Amino acid sequence: ALSDLRTALVRAFPSADPPDVETMEQAHDAELRPWRLGAQLFALLGIVALIVATFGMYSAMAYVVSQRTRELGVRIALGAQRRRIVADVVASGSRPLAAGLAIGLAVAIAFGSLVETMLYATTPRDPLTLAAVSLLLFASGVAGMLAPTYRALHVVCPTDTMRRSF
């Protein structure tokens, strides 16, 4: 299409210099390059923030559950089923986790209009994005609960080892 336009212009104006014909995208590329770079950096910082939040959620939940290691040991010693202990830990940790995610979603929706002009090809209330981020954070929180619970359930007491050897 551009070559046809050039040819037509050269035929129409043979004494003029050959025209420099380009698409609108090519013409505005230099103007838009800094904006694209800013958008890419903004996206990169968003990804880094999501990674930090994911590790933070995991760490916070792991710390809270690790503080209950002795309690879990006592429950095991008293004969509690491991499945029941895991269910109790996940249930008790999921309540504050879900409440925090609900508050975070509410704040994101309420103040999303402040960054709406900086978003490209999405909105601050995009349900897929909000659901994906919430699911990721919830999953990392549950993983943070399960890891120390698993370690606590599989700690071998020295007296158990001695009993097994006799």
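Here is a short talk about helix packing and a pocket in this predicted model.

Me: What should I know before I start?
Reply: This is a predicted model, where local features need pLDDT of at least 70, side-chain atom pairs count only at pLDDT 80 or more, and totals for chains, interfaces and linings use all residues. Residues are numbered from 1 along each chain as its sequence is written, and side-chain values use heavy atoms, with hydrogens and water left out.

Me: Why are H3 and H4 called roughly antiparallel?
Reply: Helices are DSSP runs (H or I, at least four residues), numbered from the N terminus. The axes of H3 (residues 69–77) and H4 (residues 82–111) cross at roughly 150 degrees and come within 10 Å. Axes are lines fitted to C-alpha atoms over the stretch in contact, and angles run from 0 to 180 degrees between N-to-C directions. Angles over 145 degrees count as roughly antiparallel, so H3 and H4 get that name.

Me: Which residues make H3 and H4 meet?
Reply: Leu72, Arg75 and Ile76 in H3 meet Arg82, Arg84, Ile85, Asp88 and Val89 in H4; contact means heavy atoms within 4.5 Å. By class, the residues of this contact are four nonpolar, no polar and four charged. Here Ala, Val, Leu, Ile, Met, Phe, Trp, Tyr, Cys and Pro count as nonpolar, Asp, Glu, Lys and Arg as charged, and the others, Gly among them, as polar.

Me: What makes H4 roughly antiparallel to H5?
Reply: The axes of H4 and H5 come within 9 Å and cross at roughly 150 degrees. That angle therefore makes H4 roughly antiparallel to H5. Their contact has 17 nonpolar, five polar and one charged residues.

Me: Why are H3 and H5 called oblique?
Reply: Their axes come within 9 Å and cross at roughly 45 degrees. Angles under 35 degrees count as roughly parallel and 65 to 115 as roughly perpendicular, with the rest oblique, so H3 and H5 are oblique to each other. Thr69, Leu72 and Ile76 in H3 meet Thr149, Ala152 and Leu153 in H5. This contact divides into four nonpolar, two polar and no charged residues.

Me: What lines the largest pocket?
Reply: The lining has 32 residues, and Phe42, Gly46, Val115, Leu119 and Thr122 lie nearest the centre of the pocket. A pocket is an open set of points on a 1 Å grid over the protein atoms alone, where a 1.4 Å probe fits, with protein on both sides within 12 Å along at least five of seven lines; lining residues have an atom within 4 Å of a point. H2 gives the most to the lining, with eleven residues. By class, the lining has 19 nonpolar, ten polar and three charged residues.

Methods
Helix = DSSP H or I, 4+ residues; strand = E, 2+ residues; numbered from the N terminus.
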